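Please consult the sequence and the structure shown below while reading.

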Amino acid sequence: MTSYNFDTLLLETDENGIAVLTVNRPDKLNALNNTVLDELEKAVKKIEKDEDIRAVVVTGAGEKAFVAGADIKELNTLNKKQGEKQSVRGQKVFFALENCSKPVIAVVNGYALGGGAELAMACHIRIAEENAVFGLPEVGLGLIPGYGGTQRLPQLVGKSKAMELILTGGQMKAEEALSTGLASQVVPQGAGVEKARELASKMLKNGPVALSKAIASVNTGFRVKGFSDEAELFGELCETEDFKEGTTAFLEKRKANFQGR
Ligand code: CO8
């Protein structure tokens with residue numbers, strides 16, 4: 001078992017070459033702050049370079065959450081330019097993961113909300129534990145998804161279901177995620193990483209060059225232009241009073257009172 005040291009991530013590789021990358025801020029439900037994003041970027045580079053790593057499982061620490069979103073405390077102060085920049089930054093990290101040449105399996109072990117759902121969707125496959133909850137609640141904060149959610153969710157579940165989830169800011173439990181194609185399997189709570197290892201082991205019986213080309217080829221068919229528009233629209237929303245109200249209301253643990261401006 002080999003491991004790399006990070007402040008907010010754990011990256012451990014077993015003797016079969018299967019690495020488990022765990023977002024490790026359980027007291028904040030593994031919310032993606034800038035340190036997590038920076039470290040995710042570094043981790044993906046290490047995964048690409050390290051020949052001992054042949055497949056990756058991405059999950060969250062603790063029993064409650066995969067990742068509960070971007071860190072709302074950090075979002076609250078963004079202006080238009082910073083909002084767009086931050087969105088592009090996160091998109092870039094998630095593109096690196098999506099284009100990783102080794103299989104990447106998300107084990108969604110609880111809340112996967114906002115940026116957390118977007119992280120899961122950037123992985124090649126999603127295994128949902130029974131307590132998984134997927135959602136893009138950004139509109140409830142006066143925002144839109146900004147780490148690729150408006151582009152990847154329609155690819156995975158179709159435009160109609162994606163619109164429903166995004167516009168209601170609603171949630172999808174594990175079984176619904178399975179039936180819509182967002183998740184490929186549902187397993188009991190706590191069994192996800194083992195199931196992902198099993199799945200990765202099956203993949204790793206195949207030629208590694210073929211696996212990497214298969215990933216690249218599938219991704220090619222899903223390349224869309226909308227990501228930069230998403231970032232721009234996210235930035236525009238950072239100038240609105242509704243965004244200030246939505247994010248402040250979350251931090252003050254109260255309901256938002258939107259004025260529509
Ligand atoms: N950001 C910051 N802190 C968070 C977040 C978050 N996303 N989620 C949870 N936390 C913190 C809570 O504030 C709390 O901290 P503290 O103990 O210091 O008060 C701790 O984690 C535990 O959370 P709760 O007490 O709220 O736990 P509950 O079990 O009561 O509720 C929920 C769990 C329902 C998951 C609840 O925590 C929640 O609603 N979280 C926010 C979910 C959300 O709205 N996520 C989307 C965020 S926006 C986003 O992801 C945008 C992505 C694109 C960004 C693009 C460019 C910047």
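Threonine 13 is in contact (heavy atoms within 4.5 Å) with Met1, Thr2, Ile18, Ala19, Asp52 and Ile53, its neighbours within four places in sequence being left aside. The model is a predicted one, in which local features need pLDDT of at least 70 and side-chain atom pairs count only at pLDDT 80 or more, while totals for chains, interfaces and linings use all residues. Residues are numbered from 1 along each chain as its sequence is written, and side-chain values use heavy atoms, with hydrogens and water left out.

**Threonine 13**
- Threonine 13 belongs to strand β2, which covers residues 9-13; strands (E, at least two residues) and helices (H or I, at least four) are DSSP runs numbered from the N terminus.
- Threonine 13 counts as buried because its relative accessibility is 3%, where buried means under 20% relative accessible area, exposed over 50% and partly exposed in between, with a 1.4 Å probe and protein chains only.

**Glutamate 74**
- Helix α2, residues 72-75, contains glutamate 74.
- With a relative accessibility of 30%, glutamate 74 counts as partly exposed.
- Apart from neighbours within four places in sequence, glutamate 74 is in contact with Asn33 and Asn34.
- A separation of 9.5 Å lies between the C-alpha atoms of glutamate 74 and leucine 32, which are 42 residues apart along the chain.

**Packing of α3 and α10**
- Helix α3 (residues 80-98) packs with helix α10 (residues 226-237) at an angle of about 145°, and their axes are 7 Å apart; axes are lines fitted to C-alpha atoms, for helices over the stretch in contact, and angles run from 0 to 180 degrees between N-to-C directions.
- From α3, the residues that meet α10 include Lys80, Glu84, Val88 and Phe95, and their counterparts in α10 include Phe227, Ala231, Phe234 and Glu236.
- The residues of this contact divide into five nonpolar, five polar and five charged; Ala, Val, Leu, Ile, Met, Phe, Trp, Tyr, Cys and Pro count as nonpolar, Asp, Glu, Lys and Arg as charged, and the others, Gly among them, as polar.

**The chain as a whole**
- The secondary structure comprises 11 helices and 11 strands.
- The C-alpha trace spans about 55 × 40 × 35 Å along its principal axes.
- Buried residues account for 51% of the 261 residues.
- Of the contacts between residues at least 6 apart in sequence, 73% join residues at least 24 apart.
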